[in-house]
Every structure is written in C-alpha cells, then in structure tokens.
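Q: Could you take a close look at the aromatic rings here, and at the nonpolar packing around them?

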Amino acid sequence: MKICIYGGSFNPPHLGHTAALRAVRAAIRPDLTLVIPDRIPPHKELTAGSPEPAERLLMTMLAFSGEPGVEVSDMELHRSGKSYTADTVRELRACNPDAELYLVIGTDMLTTFEEWHDFRYLLGQVTLVALARTGDEHAEVERFSAYLRETYGARVIALPAEPIPVTSTTVRALLPQRRGSEYLAPNVYAHIIQQRLYGAKPDLNWLREQAYPPPTPRRNSHRWGGGHGGRPPAVWRGKEGGGGGRLRGGIIPRRGAPRGGPPRGGGWGRGAGGGGQEPPPATKKKPAANRRSKAVVWNGMRFIGVRYV
C-alpha cells in the first residue's frame, strides 16, 4: 500500500497546494493521500494574526474537498508542542507497518532537510518526493536530491512538474487589497471573507460573479420559451396608422409593449385603419444622478460600494 503524506501550515491553503499534490499523485499513484496541517510548524513561526489551527484545518478540508482519494487529517493538532514530521511518520508506521510512505516537500524544505528533527530516521522510513515551486528551482532540486542519495542512501524522487507559482505569504499580502481570489478555491475564499481572516476585504467583482452568475444559453432558453434554441421568437410590431400589426422575427418588443403583442383587433396607434389603441406610456428612466447603486447580497452578507454594511 502506498501512502502519500503532504504536510504544512496551509496558511491559507491555495491553488498551488492542490496543483502540486495533483502532480505528485499523478507520478506515484498512491492508494491513500493524507494532507496534514500542523499545529505549530517546527521550521518557521506563524505570522501574527494567523488563524487558529482548527481554522486552518477547516480551510484545508475545504480546499481539498474536491480531490478524490485525499483525506485531511487532524493528527498533528492533537499533539502538544511542535509538529515534527518524524513523530507523524512514527504514528503512521505503527498503524501501517508494511506501507510505502512518500513524503512531499518543496525546494526550501529539501535543501534544509539535514536540519530537520530526526532526519536520519525519516530518510530510512520514507521516500522523499521533491517538487520545485518554479521551473528555475528544478535544477537545485535535482542537485540536492543527488546529494542526499549519495550521502545517506536516501530515496528521492525529483519531479519536473511546474505547479502554480504562488505562496501563502503572497496570498496573505493580497487579501487586504481586495485581491488574491484567483489563487484560492471559491469555498476557501468565501470562508476567509465570511470570517474576515487575514484582514481580507472582499473582491466585489468576485462577489458579483457569485451572486449573479453569467447566463448560459440553457438558462436563457426559458425566457423565450422552449424550442427556440435561445433565440427570441417573432413578436408583434404595430403599423403606424394601421390596424393589424406585423410579425418580425428576433425583435424584442418596444419599451412598454406587452410581450404578447398588440391587443386584438389592431396594432398600436389610431390611424386610417382604425381599431387601434394607444400604447401604454413608456416608463422613464431616472436621471443618473438620482439612481442608487444596487447592493450585492451574498450568503447573508450585504455589500454596497466597497464597504461592509
């Protein structure tokens, strides 16, 4: 049985994380993939104002919810102190003594692997899967992978894939500027906005897209009735001064005219033909200065302009 281990702070989890894991899974074909957010990262301190571990766990579950064969584990959140990978591998090895364990790491973690807690134990238990963040880092990954093989007899797989070049640090910096939504899964970005994490301010364009998704031909078809293939049917257009309007295909009725066309017995207007009726008065548009901007209501929150209400 192959078990792939993907750990990290996931502060927040972004599309670069999911793209990297897809590349790894395509290369090694694991039977089970465990994504494990840490409680206290041992290699770096969490930035001030970071969400609690349980909040990061929830965002990670949202980010990977659409990935088949991937499970998000809270095993490191139940341990006190720093979340050492060696302790996690010991737990997994005790439950799966015959499993092949694969540990996913990035370039920065690979080049400092000798500084990890109990790194020799790890090299004897897992196969490292090293993934460069950008194409420029791949040469460095190859070089250090060769060094670990020659020096410690380590099993290292260096993948040539190029994931999305983004970091959690970059995303955290963009969120207070109403940016960064393109690097996050929609459900993760929605959670960040709702909980107001990282000092995030909502991207109003993103909110409008969620509240008012663009119509598709299938959705438009009901407006014109079935069987028209999304094209409006012929509508009535009355003659000037004559009864009995005429059909014109693909023309939308005039403002104020009912969709069914003119009343029976004649078209709009009174003329030589008689029988017509005065069309209803067209509704006037309010001057631009008097019009009020439309609020966006989404998931119970109301947005006007660029501020929460």
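A: Start with the charge over a ring: the charged end of Arg90 sits over Tyr121, 4.3 Å from the ring centre (the cut-offs are NZ of Lys or CZ of Arg within 6 Å of the centre and within 35 degrees of the ring normal). This is a predicted model, where local features need pLDDT of at least 70 and side-chain atom pairs pLDDT 80 or more, while totals for chains, interfaces and linings use all residues. Residues are numbered from 1 along each chain as its sequence is written, and side-chain values use heavy atoms, with hydrogens and water left out.

Now ring on ring. The whole structure has nine aromatic pairs (Phe, Tyr or six-membered Trp rings with centres within 6.5 Å; stacked is under 30 degrees between planes, edge-to-face over 60, tilted the rest). One of them, Tyr6 with Phe10, is edge-to-face at 5.6 Å and 85 degrees. Both Tyr6 and Phe10 are buried (under 20% relative accessible area, with exposed over 50% and partly exposed in between, using a 1.4 Å probe and protein chains only). Ring pairs also link Phe113, Trp116, Phe119, Phe144, Tyr147 and Tyr152 into a cluster.

Tyr6 turns up again in the largest nonpolar core, which has 33 residues; Tyr6, Val24, Phe64, Leu175 and Ile192 have the most contacts inside it (a core is buried Ala, Val, Leu, Ile, Met, Phe, Trp, Tyr and Cys joined through side-chain atoms within 4.5 Å). A second, separate core of 29 residues includes Leu92, Leu103, Leu122 and Phe144.
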